[in-house]
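Morning, everyone. I'd like to walk you through one model today. Have a look at it first, then we'll go through it piece by piece.

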Amino acid sequence: MTDEPLLRVSALSKFYGSRVGCENITFDLWPGEVLAIVGESGSGKTTLLNCLSTRLLPSSGTASYRMRDGQWRELYRMSEAERRFLMRTDWGFVHQNPADGLRMTVSAGANVGERLMAVGDRHYGNIRATAVDWLSRVEIDEDRIDDEPRSFSGGMRQRLQIARNLVTGPRLVFMDEPTGGLDVSVQARLLDLLRGLVTDLGLAAIVVTHDLAVARLLSQRMMVMKDGHVVESGLTDRVLDDPRAPYTQLLVSSILQV
Amino acid sequence: MTDIATYNFAYLDEQTKRMIRRAILKGIAIPGYQVPFASREMPMPYGWGTGGVQVTASIIGPDDVLKVIDQGADDTTNAVSIRAFFRKVANVAVTTDTASATIIQTRHRIPEHPLAAGQVLVFQVPIPEPLRFLEPRETETRKMHALEEYGLMHVKLYEDIARHGRIATTYAYPVKVEGRYVMDPSPTPKFDNPKMHRSPALQLFGAGREKRIYALPPFTDVVSLDFEDHPFEVQTFDQPCALCGAENVYLDEVILDDHGGHMFVCSDTDHCEKRRADPASPLWEGRAGGAGAGDQAATPATPIPALRADPPHEGEGKEAQ
């Protein structure tokens, strides 16, 4: 880890008219760190994630990102071309619904290879070899490489989406409910896989989830949101074991025990 | 047509032609860029070449000589109707001879006879957006063109190789123009893609239904997309043309009977007829298989029907320049 953070967010707010999406969010994210944003539906988690990933422009506030060359760039002042380039090289975005992040009508191999081709790789053999490698890393059989994701199960699609995002070696990955809609055993496998990849690759990640177990397993630090505001933040284990804000206490005590 | 109201020269009114010419000029200024234009209703259905007809109508003058081809042929319905249309509304000379035409409107072929400076080739384009079947949103494809994000185009070629072991796209093969815009060369066979590269003729593309015009000024770089380990290749044919014996030309399959009889003949009828009329001409040397003339004797087993069965239509004799 370096001394400098990767992402600096300062007083970020997003309003939808007079309604609050998220308000006055400030935090730093360090390289290799996984930050979980938890909260109930409508608490502004996804709005915040979309603002951070520049899919949405905030109403006020700034966010700076340290590029690979060490230069700090303010995200909302970059041109669209630069932002989109960042999006498909140094960043990844894992959608809750894999169909949003995948091209459902082209093969798994092409889905993984698309980012490589987008950054100028023009050698079919190399692209395919990389795709095979990544499919095996996310535990998809090599013989499914020419199948369309339509024929994949939900868990496979999600793993394919992860491979597609990680193929260019990004430094920061945004995840929106990566395990939503999957059954628990598939969730467990996916979390295990994600945890391994994040550690191996030294990825920084911002994971939005309403599932505290996901936060516990994946993240080192978490922020609890309610009504567009951060009500509590800190180390994951501390927040979950010793919640201070009344809302966090409610959230933690709402977990069903089997 | 003396008593009835006459059309404006070349059918379109002057303001419309002016608007289309502005789009054409913009297209020429930005090679490969799709310029939106206010496409008009034409007296023909969409898909029959309304874009090409509007472009031709906007650039044609009384002194022009027009040739119209449809899949390389001068005598198919589309070609005959459009030729008749312009003879009627513009009273221009028409021809089937590639070399003497000043404007050639084409549906999906580039003539075998090399084009010269001063000639204009007008393509009829059904779907101008090369990214369309990969990305359905027009807002997104425009953004991709603007930001030069063409990785997706290679995804299509990747899929071809993954499924067929080679790039199986045979027509509408995407090209990059002047190192900038990726362009759909209209559904011409990829056989004709190399002819677009640095062509001395001006090439204009009109899509009537999609309301887009784009252009390749003379001597523009047109490079077909490919992979380093799967380079671009054009179609090849095992046999020469069954009628004129030409090699290295694009052939059409003609079904002869109900018993599987078929033969391959030149898609470019003008080229084929000229070769048969004068097999010894030095014009064929060095291109289209100069040896073709000598192969004349090698007639196919199946009898060769006359290339066209219909009697010459009214006024056709006048077409000779």
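Let me start with a definition: two strands count as paired if DSSP finds at least two bridges between them. Strands themselves are DSSP runs of at least two residues, numbered from the N terminus. Keep that in mind. And note that this is a predicted model.

So, a pair of strands in chain B. Strand E6 covers residues 175-177 of chain B, and E6(B) pairs with E7(B) in the antiparallel sense. There are 3 bridges between E6(B) and E7(B).

Now widen the view. Which strands make up the open sheet, and in what order? There are 3 of them in chain B, running E7-E6-E10, with antiparallel pairing. The edges are strand E7 (181-183) and strand E10 (222-224) of chain B. Each edge strand pairs on one side only. From one strand to the next, the twist averages 35 degrees.

Strands of a sheet pair through backbone hydrogen bonds, and the pairing is either parallel or antiparallel.

Look at Glu253(B): Phe264(B) in E12(B) stands opposite. What do E11(B) and E12(B) form together? A hairpin, with 6 residues between the two strands. In the turn, Gly260(B) has a positive phi of about 90 degrees.

Now to the interface. The area buried between chain B and chain A is about 1900 Å². Carbon and sulfur atoms give 56% of that area.

What about charges? Across the interface of chain B and chain A, the rule finds 6 salt bridges. One to find on screen is Glu140(B) with Arg84(A): their side chains meet at 2.9 Å, N to O. The rule also finds 13 residue pairs in polar contact across the interface of chain B and chain A.

Where does chain B's side come from?

Definitions and conventions
Residues are numbered from 1 along each chain as its sequence is written. Chains are lettered from A and ligands numbered from 1 in the order in which they are written. This is a predicted model: local features need pLDDT of at least 70, side-chain atom pairs count only at pLDDT 80 or more; totals for chains, interfaces and linings use all residues. Side-chain values use heavy atoms; hydrogens and water are left out. Buried area is the accessible area (1.4 Å probe) that two parts lose on being put together, summed over both. A salt bridge is a side-chain nitrogen of Lys or Arg within 4 Å of a carboxyl oxygen of Asp or Glu. A polar contact is a pair of N or O atoms within 3.5 Å; within protein, one must be able to donate a hydrogen and the other to accept it, and residues adjacent in sequence count only if both atoms are side-chain atoms. Helices (H or I, at least four residues) and strands (E, at least two) are DSSP runs, numbered from the N terminus. Axes are lines fitted to C-alpha atoms, for helices over the stretch in contact, and angles run from 0 to 180 degrees between N-to-C directions.
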